[in-house]
Structure formats: C-alpha cells, structure tokens
Amino acid sequence: MGDTLERGFPSAFGNSPEDFLQQYEALIYKVIFEWTRENFRFEPEDLFNEFFVHIADDNFRRLRTFHGESRPTTYLGSILRNFICDKYRKMARTPVNSLDDIEQTRGECLTAVPPDQEDIF
C-alpha cells in the first residue's frame, strides 16, 4: 500500500491495511458467516470483500474515528453489525415474490441484532 495510507492508518488496528487483515480477517469472516449461514441470498466471501471495501473507504475513515473508549474488536463489531443490517434493509426494499420472503428477510435481520434492539425492526 502507499506510504500516505500507512501513515494515516489507525494504530489500534495495526500499522497498515495488511496488518489489519492479518489481525482481524478470521474474526470478521466468522461473524459474517454466522450472520449469513441461514440466508442464502448472501455469500460470506462476497460480504467479506464488500465489508473490507466499506472499511477502506476514504482512507479507512471509519477506523480512524476510533478513540479507544472500547476494545478495537468491539468497535469493529459495531461497524460490521451496522454494515450487515444495512445489507438486510436494502434487501428488504427490493421487490419480493411472496409474503414468505418478507417474513424471512425480517427474521434474518432480527437474528443479526442484539435482542434489546429488535424493536427497531
């Protein structure tokens, strides 16, 4: 990666995007796999790649807003949860073939959020 990117990379997540991937790849993939294993509309590998692009957007802006009030994994997990819920919301807005599809989509999203936040959906 370029020198400019590495100078601005948040140290809580490694010294470079490569360090970030090495340190958090397994965790991110595990979470994505767990949240998508019953939803065959999403491929975990595709979501992982999309999430990395999402994180890398604007020189890792989302990671640079980390201020250390929590563990880096907690912060990263909240970004990942929001990313996945956004995917489910976008999917829910697309045309469906039946009411069963709507209920399945809602159920999939509810399993992706903590129980105390289910009333949002």
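**Helix H3 and its two partners**

H2 passes H3 in a right-handed crossing. A crossing is right-handed if the near helix is turned clockwise from the far one by less than a right angle, and left-handed if anticlockwise. This is a predicted model, where local features need pLDDT of at least 70, side-chain atom pairs count only at pLDDT 80 or more, and totals for chains, interfaces and linings use all residues. Residues are numbered from 1 along each chain as its sequence is written, and side-chain values use heavy atoms, leaving out hydrogens and water.

Helices are DSSP runs of H or I with at least four residues, numbered from the N terminus. Two packed helices are described by the angle between their axes and the distance between the axes. The axes of H2 and H3 come within 10 Å and cross at roughly 135 degrees. Each axis is a line fitted to C-alpha atoms over the stretch in contact, and angles run from 0 to 180 degrees between N-to-C directions. H2 and H3 are therefore oblique to each other. Angles under 35 degrees count as roughly parallel, over 145 as roughly antiparallel, 65 to 115 as roughly perpendicular, and the rest as oblique.

Which residues of H2 and H3 make the contact? From H2 they include Phe20, Leu21, Ile28, Tyr29 and Phe33. From H3 they include Pro44, Glu45, Phe48, Phe51 and Ile55. Contact means heavy atoms within 4.5 Å. By class, the contact of H2 with H3 has 15 nonpolar, one polar and two charged residues. Ala, Val, Leu, Ile, Met, Phe, Trp, Tyr, Cys and Pro count as nonpolar, Asp, Glu, Lys and Arg as charged, and the others, Gly among them, as polar.

Now look at Tyr29. Tyr29 lies in helix H2, residues 17-36. Leaving aside residues up to four places away in sequence, Tyr29 touches Pro44, Glu45 and Phe48. The side chains of Tyr29 and Glu45 are joined by a polar contact of 3.0 Å. Such a contact is a pair of N or O atoms within 3.5 Å; within protein, one must be able to donate a hydrogen and the other to accept it, and residues adjacent in sequence count only if both atoms are side-chain atoms.

Next comes H4. The axes of H3 (residues 44-64) and H4 (residues 72-93) come within 11 Å and cross at roughly 125 degrees. H3 and H4 are therefore oblique to each other. Their crossing is right-handed.

Arg62 is found in H3. Its side chain reaches the backbone oxygen of His54 at 2.7 Å.

Terms used. Helix = DSSP H or I, 4+ residues; strand = E, 2+ residues; numbered from the N terminus.
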